[in-house]
Amino acid sequence: MSGFLTGNPRHPAPEPLEGPVVGTVTGGTILWFALFLLQLPFYGWYSDHGHAWWIWTCLAGTGLGLIGIWYVRGRDAALKRAAAAAGTGGTDDGTGSPGSGSRDGSDSRDGG
């Protein structure tokens, strides 16, 4: 197993996937909050059976989701600013992806 984590990989890393990240994180956060609210009336049953942590997990998922929404909205805005500064404009496909090149502006298909 020597050299497994060292050295150059055999293949270059793929481009990061872009999609409707803000919508995905927002939807997940809403789902966590809905699960919290749906389980809350049954807190006594969950507590009696040792499953109260399920409710608190949903609340923690909601809190982390709110942090995630803040983060991905800032990331999306920064990507759009970078695309505007580079003069490439953004794509209007709703994905928040500034273009097809890599983050440093080079296109991996042309080798640079």
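Q: What do buried, exposed and partly exposed mean here?
A: Buried means under 20% relative accessible area, exposed means over 50%, and partly exposed lies in between (1.4 Å probe, protein chains only). T62 is buried, because its relative accessibility is 9%. This is a predicted model, where local features need pLDDT of at least 70, side-chain atom pairs count only at pLDDT 80 or more, and totals for chains, interfaces and linings use all residues. Residues are numbered from 1 along each chain as its sequence is written, and side-chain values use heavy atoms, leaving out hydrogens and water.

Q: Where is T62 found, and which residues does T62 touch?
A: Helices are DSSP runs of H or I, at least four residues, numbered from the N terminus. T62 sits in helix α3, residues 52–86. Contact means heavy atoms within 4.5 Å. Leaving aside residues up to four places away in sequence, T62 touches T29, W32 and F33. The T62 side chain also reaches the backbone oxygen of C58 at 3.0 Å.

Q: How many salt bridges does the structure hold?
A: Side chains of opposite charge can pair when their charged atoms come close. A salt bridge puts a side-chain nitrogen of Lys or Arg within 4 Å of a carboxyl oxygen of Asp or Glu. The structure holds 2. One joins R75 to E18, with the closest N and O atoms 3.0 Å apart. R75 lies in helix α3 and E18 in the segment before α1 (21–39), so the pair ties together parts 57 residues apart in sequence. R75 is partly exposed at 26%, and E18 is partly exposed at 30%.

Q: Which side chain meets K80 in a salt bridge?
A: That of D76, at 3.5 Å from N to O. Both K80 and D76 lie in helix α3, 4 residues apart, about one turn of the helix. K80 is partly exposed at 49% relative accessibility, whereas D76 is buried at 18%.

Definitions and conventions. Helix = DSSP H or I, 4+ residues; strand = E, 2+ residues; numbered from the N terminus. Polar contact = N/O pair within 3.5 Å; in protein donor to acceptor, adjacent residues only side chain to side chain.
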